[in-house]
Amino acid sequence: MDPISSTIVIPSIVNVSCSILVDLFKSYKNRTRAATLLKEVQQFITEFTDGELDSGSFINFLELPSTTRDFVDFINFCAYRRQNSRKKKFILDKESFVEYLSGKARAYVKEEVGRILNINTLKKYFTQIINIIENKLIQKLDTEHVGMLYFVNNSLLETEKRILESLKSEKIIRQNKDFELIKNNYVNIIKKRNKMSHVYGIDELDLYSFYVFPRFYVSEPDESTPKTMRSNIYKKREVAIDWIDIFKESNMVSIIGGAGFGKSLFLKNLINKSNELNIHNPSNLIPIYCDLKQFKINSRNSPSYSIEDFLVDSMISNTGIDKRLISKDFLDYFLSEGRCLILFDALDEVEVEDRADLNELISSFFEVTNKHNKIIITSRAQGFIPRTRIVCNVCPVDKDQIEEYLSKMVKLKQFNQQNIIEFMRQCDVLMESNFLSSLLTVSLLVQIFKAEKELPESKIDLYDKCVEYISKKREKDQKKSSFDFKLMSNILDNNISFEKLSWLARPNNIEIKEDEIKKLLLDIHEDSYSSRNETRIAIGEFLKFCAQRTELYVAGNQDAHYKFFHRSFYEYFYSKCIINEFPNNEDLLNELLKFGIDSEMFELTIALLKKQNYDRFKGFVRIIYELIEKSDDFEELELQSEFLKLCLMLDVSEQLQLCDKVYRLCFNEKKVLAKLQIEGTYNILLPLFKKVSRKIGRDLEKDTLLLYKEEIIAAHLIKKLIKIKDLVQEISLNFIFGALEFEIDRMNLLKLLDLYTLDELCSLMKNYIELDSSKEIILRKQIEKYMKTLNDDINRGQENAG
């Protein structure tokens, strides 16, 4: 035996082996002592004292972060697999893991030093390590240590795929100390730049002095539904999760929520607290924030502009680090290692026609990169079609969160403790009417309540009072102010300024060059000042005031650019703007129809018209109904989208008689609903149907079953059959029927199903689903099995009734 190998290398193997085990056991809060693990290692390591593992390169392989990560993934995989009640078979097991890991180690050593290790020796070594992990760690793990997977089958499949890709990868990433130093500097800068955040009416504060963590529920659109047709109706169950577990089910997630629900602020939190994420070694991640609006802007002059270009540009613009340091090579190093935390913000602010393509581009790019990278895409919920398996929905604000926010404001001396009870009392009414659903609204209401001791009851009143307070009254009430309000009052006190700025920022609050803004405001306000030069000085003062103090119109991400701080404010001012810009109702309607279904423009414009000019409002609503009434061509998706936008506007108009006419139009022999295929149809039409049913007395269940009996039966069976993997290839049934099926009394639905024969049901289903001919027998058997269960339920129900 080589004495050097005996005295140096083998002890190094012992130490490294023991060190790996100790770190793994600690990460799972396992109390097995290091001395015990050392003894376990010493019991088998003597088998390898013949020199087979005397390579320092092999020790380097053991110390690679990716090797530890492979072990962690495998431990999690084994622990979660024990939760799988279906006992599904997987490719990966102990033997295959050992085989792939041994091959990876062998390839690493061969590339590094040209030596070929004996594959059987490697397998024996890793088998012994896995045996210790299996007996002393995995067998003792429960949900307290690893948490619970809610979509266990698919999450296990994703984990298995990630492990196998890692083990089979021939790309070996060696540590680059220069890149690591740049990364540390980058992280320090981006955290510092995201440490503070604007609070409406208060200015910038430390993020965690006021931040209230959002609540999420996670859902999984069924994988057998085509990606372009996924809907909440056919998703699997929803479960609440803590924010630190956002990557527990998948490394790529979508976060959706309403306007002002705090999606962007949550990403700011992730930049600061990524090391608290419930994942292995989160401090190794490099956070990359990307404003998705910028992708289109950046790519205008470069047809070949890529996701990689965008990531590099985002890192540079967010930190100011020299582009010679933040390069594609730098990015590729961390992407290849799977160490990126990439935060794609505000897909809903991308132009409507570009959203789907950009979402698909992101999804496709990360399909072929290291699956350990963590990806988030945020968007408003309405009209969003996820390309990720897991969707995290931001919950509407609840009383506990409002009280937590108020307590923080009290600590900051920004709210009186004695006013909390009255504030919460007034909030109760607003929450019941669904007006108060976001923390953005809460923060605005706090400032208005402080000034008036009374809360507004509509969005328009909220924005009116908020703009008045934020942009004008708050600063004017401060005696010691560095701003010349007298000079800029003609600009600041005239809402036309912000309305025209919104016109420049169309269609989705794009950033505007300072020179363009100055030219616009000069044209508007020059006659209000003694000279052109005085006007320029006033405009400069106005822009400085906006950027520093208003939290309304602020400096953009690009140098010498400005934007509305939140899309909601942009949409408010643009609604006011187009009412004036388009005095003809047909022109106004055409401009509104350019916006996506997720926009607040429809609701805000209707509400403003109703408040400012009721006669025009009635005429405008009448035009909307006339267009709905004439709608009979639904072949093109664009025409379907227009129909839904018109229905949305009519719904928020609260004109019940016209809403009832729309209801009757949908529930007559034309069967309009059966012609619609757009995602989110049910979000728009179902509230209108329920409102008419509740306030006018229509029988929604009776009308649905009278006109759409077959569609409801198909929707019911699809929900049952879609759980069978790979059975259904395509669904052609409108998602509105899944929503309406929820409204049908269960026993009535079951009795209706019982009227059909098995042959009739199989034939009916083929009208709404596409499946391989080889699966038709499976479909028949599954329907037959379900019908038998159904008959048993009906019989039990009749026995109980008797």
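Phe 344 stands opposite Ile 377 in β8, and four bridges join strand β7 to that strand β8 (residues 374-380), the two running parallel. This is a predicted model, where local features need pLDDT of at least 70, side-chain atom pairs count only at pLDDT 80 or more, and totals for chains, interfaces and linings use all residues. Residues are numbered from 1 along each chain as its sequence is written, and side-chain values use heavy atoms, with hydrogens and water left out.

**The whole chain**

- The protein chain has 36 helices and 14 strands; helices (H or I, at least four residues) and strands (E, at least two) are DSSP runs, numbered from the N terminus.
- Of its 802 residues, 54% count as buried; here buried means under 20% relative accessible area, exposed means over 50%, and partly exposed is in between, using a 1.4 Å probe and protein chains only.
- Take the contacts (heavy atoms within 4.5 Å) between residues at least 6 apart in sequence: 77% of them join residues at least 24 apart.

- Strands of a sheet pair through backbone hydrogen bonds, either parallel or antiparallel.
- Two strands count as paired if DSSP finds at least two bridges between them.
- Here seven strands form an open sheet with mixed pairing, in the order β4-β3-β9-β5-β8-β7-β6.
- β4 and β6 stand at the edges with a single partner strand each, so one side of each has no neighbour in the sheet.
- From one strand to the next, the twist averages 25°; angles run from 0 to 180 degrees between N-to-C directions, and axes are lines fitted to C-alpha atoms, for helices over the stretch in contact.
- Helix α13 (residues 307-319) lies across β6 and β7, at about 95° to β6.

**The three-stranded sheet**

- This open sheet has the order β10-β12-β11, with antiparallel pairing.
- Its edge strands are β10 (512-513) and β11 (553-555), and each pairs on one side only.
- Three bridges join β11 to β12 (residues 561-564), where Val 554 stands opposite Lys 563.
- Helix α21 (residues 496-504) lies across β10, β11 and β12, running at about 110° to β12.

**Helices**

- Two packed helices are described by the angle between their axes and the distance between the axes.
- The axes of α5 (residues 94-113) and α8 (residues 152-168) come within 8 Å and cross at roughly 30°.
- That makes α5 roughly parallel to α8, since angles under 35 degrees count as roughly parallel, over 145 as roughly antiparallel, 65 to 115 as roughly perpendicular and the rest as oblique.
- The contact is made by Phe 97, Tyr 100, Leu 101 and Lys 104 of α5, and by Ile 163, Leu 164, Ser 166, Leu 167 and Lys 168 of α8.
- The buried residues of helix α26 include Met 601, Phe 602 and Leu 604.
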